[in-house]
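Subject: Structure for your review

Hello,

Here is the structure I said I would pass on. My notes on it follow below.

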Amino acid sequence: MPMTFSQYDDPTGVYTHKASTGGYIFKSEAEARERCAAWNEWAAAMDTLDSLPNVLTRTDYENVCQKLNAPLMTDADCGNYGVQFGDFGPWEYTAEYCVKMALAKRRLREIEAAKIAPEPISRPYPPKKTGQLWEECPHCGSEPVYMPLNLCGACWPK
Ligand SMILES: [Zn+2]
């Protein structure tokens, strides 16, 4: 929602400027205009991200960065503290920077998801040999075979 401002008579009787989105009081019209413009530029930039998936593969990430003219970050940089925990608001950061970090965050989600993907189930250990019999192995005919599978050492599962 675009932010506008209006004159506002605060309880002390001093005229200030209040943002239409609520929560912000500006001390002068110049500050109000500047902040509203920054907010609106940021909000428009964030709107362009709405149609994107929340999780981006490397290929999708590179395509989106190119389309939006956002600087590319390496996968390693996408995992940095700022991307993980940063809160990028319209008044401290440029809209371009907020877009860059928002895209990196979507890239990071895929990297993190790949990290916690379950490991392939490892094969169970083969049964322990519990005793030996002088019999022919049913697979290859050599002796002896071992219990409980009654297979020779060469045919025993590894
Ligand atoms: Zn055998």
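In the protein chain, 40% of the contacts with a separation of 6 or more are between residues 24 or more positions apart; two residues are in contact if their C-beta atoms, placed from the backbone, lie within 7 Å.

This is a predicted model: local features need pLDDT of at least 70, side-chain atom pairs count only at pLDDT 80 or more, and totals for chains, interfaces and linings use all residues. Residues are numbered from 1 along each chain as its sequence is written.

The C-alpha trace spans about 105 × 40 × 25 Å along its principal axes.

Of the 158 residues, 15% count as buried. Buried is 20 or more other C-beta atoms within 10 Å of the residue's own, exposed is 12 or fewer, and C-beta atoms are placed from the backbone.

The protein chain has 5 helices and 5 strands, in the order β-β-β-α-α-α-α-α-β-β from the N terminus. These are DSSP runs, numbered from the N terminus: helices are H or I with at least four residues, strands E with at least two.

In helix α1 (residues 29-49), Ala 32, Cys 36, Trp 39 and Trp 42 are buried. They lie on the same side of α1 because they cover an arc of only 135° around the axis, taken from the directions from the helix axis to the C-beta atoms. Ala 30, Ala 37 and Ala 44, on the other side of α1, are exposed.

Regards
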